[in-house]
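Please look over the model below before reading on.

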Amino acid sequence: MTEDLYWDPYDKAMDLDPHPVWRRMRDERPVYRNEKFDFYALSRFEDVDEAHLDPATFSSRYGTVLEIMTPEPWDTGQMIFMDPPAHTTLRVLVSRAFTPRRVGGLEGAIRETCAQLLDPHVGGGGFDYVQDFAALLPSMVISQLIGVDPADREEVRHMIDGTFHHDETAGMANEIAVAAATKLHLYFAEQIEARRVTPRDDLMTALVQAEVRAADGGTRRLSTREATDFTTLLTAAGTETVARLLGWAADILAAHPDQRAELAADPSLTRNAVEETLRYEAPSPVQGRVTTRDVELHGTTIPAKSKILLLTGSAGRDDRKYDDPDVYDIHRSFDSHVSLGHGIHFCLGAGLARLESRLAIEETLKRFPTWEVDHENAVRLHTSTVRGYQKLPIVI
């Protein structure tokens, strides 16, 4: 019987461990319907993956977070809320500036930043791994990458934090978050315009200088709005997801001390450990789409213009895809996961997120090969699309 099967993306208690209900959804109701919040949810790996790969049917233009999804398409310059062909042109332009070489060149700076944040805690009794490290590292790294002046970086970090303010009734669509996002966008717009006049060796300069061939045979560059939108997206999204991923890594490794010891002894294992952590506890386990046509799936008709939630967090635990999916194994051999998306909306910052996370874990283990989590004082962060720790005190 599935009448008692209920999943609510806003329920904090359910969010503490959604895996049992997600398992039931995969097994009993792979096309789940929530009448209260008017959405369908796909929970199996194959369905989530195929939806990611079919943007013509599963559109991002109506918003990708449940509480901000709208009946009509958004008029925005944000790539995350675009479909082809507009998305294709913009992504090509952005990719010309945000290159693997530019990201790879940050390794030394990331290790230095890790040392700056972790060294003061060596010899101490413990610290808040998220607030004192995981939440600080990505914003510091991204600020350096895009070219935020050192004097502005703390203020920018506070603006980023504000964009993720969560209201009990309005969710992420609240006045504080909107005000912070507006302030951050205005700041970056001013910086982008300044780069047109005085170029620097940073990502914002690369964004305004990137060119792509236009349909008329000429060339096209990013507008100030487009460059600003991408800078804002990269800064906010990259900070949030890496912070949650590192929090999960600290918690999971404490619960698996034998595997943690292996990583401390052999850092070459860390790369795969990052992928296993992403599969096991996706930092962003829910992505929204809207159907552009009727969809028949598992005997259910999903009407056109329906809100769809793709449960990447559930897909990572699907036993149709993975053997023993509820077992965390840093040696797991697997070909893919969907925790960073797939297809045209595959996370453009995935390379940076993976690099930051790998180096952060390596540098943590160099200094603290063992730790325990103080779960009584840990605080979870919950939104309809992000899941992880806001505070994670560890005893070292």
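A residue is called buried when its relative accessible area is under 20%, and exposed when that value is over 50%. In this predicted model, helix α13, which spans residues 257-265, has Gln259, Arg260 and Leu263 as its buried residues. Because these residues cover an arc of only 105 degrees around the axis, they lie on the same side of α13. An α-helix has 3.6 residues a turn, so residues three or four places apart point the same way. On the other side of α13, Asp258 and Ala265 are exposed, whereas the buried residues of α13 are covered by elements that include α12 (224-255), α14 (270-280) and α16 (350-367).

Strand β13, formed by residues 387-391, contains Arg387, a residue that is buried with a relative accessible area of 2%. The side chain of Arg387 makes a polar contact with the side chain of Glu281 at 2.7 Å, and a polar atom of the Arg387 side chain also lies 2.7 Å from the backbone oxygen of Asp15. Between Arg387 and Leu348, which are 39 residues apart in sequence, the distance from C-alpha to C-alpha is 20 Å.

How many disulfides does the structure hold? The structure holds 0 disulfides. For Cys114, the closest cysteine sulfur is that of Cys347, and because the two sulfur atoms are 19 Å apart, they are too far from each other for a bond; a disulfide would need them within 2.5 Å. Cys347 is accordingly in no disulfide.

Methods
Residues numbered from 1 in each chain as written. Predicted model: local features only at pLDDT ≥ 70, side-chain atom pairs only at ≥ 80, totals over all residues. Heavy atoms only, no water. Buried < 20%, exposed > 50% of the residue type's maximum accessible area, 1.4 Å probe, protein only. Helix = DSSP H or I, 4+ residues; strand = E, 2+ residues; numbered from the N terminus. Arc of directions from axis to C-beta. Contact = heavy atoms within 4.5 Å. Polar contact = N/O pair within 3.5 Å; in protein donor to acceptor, adjacent residues only side chain to side chain.
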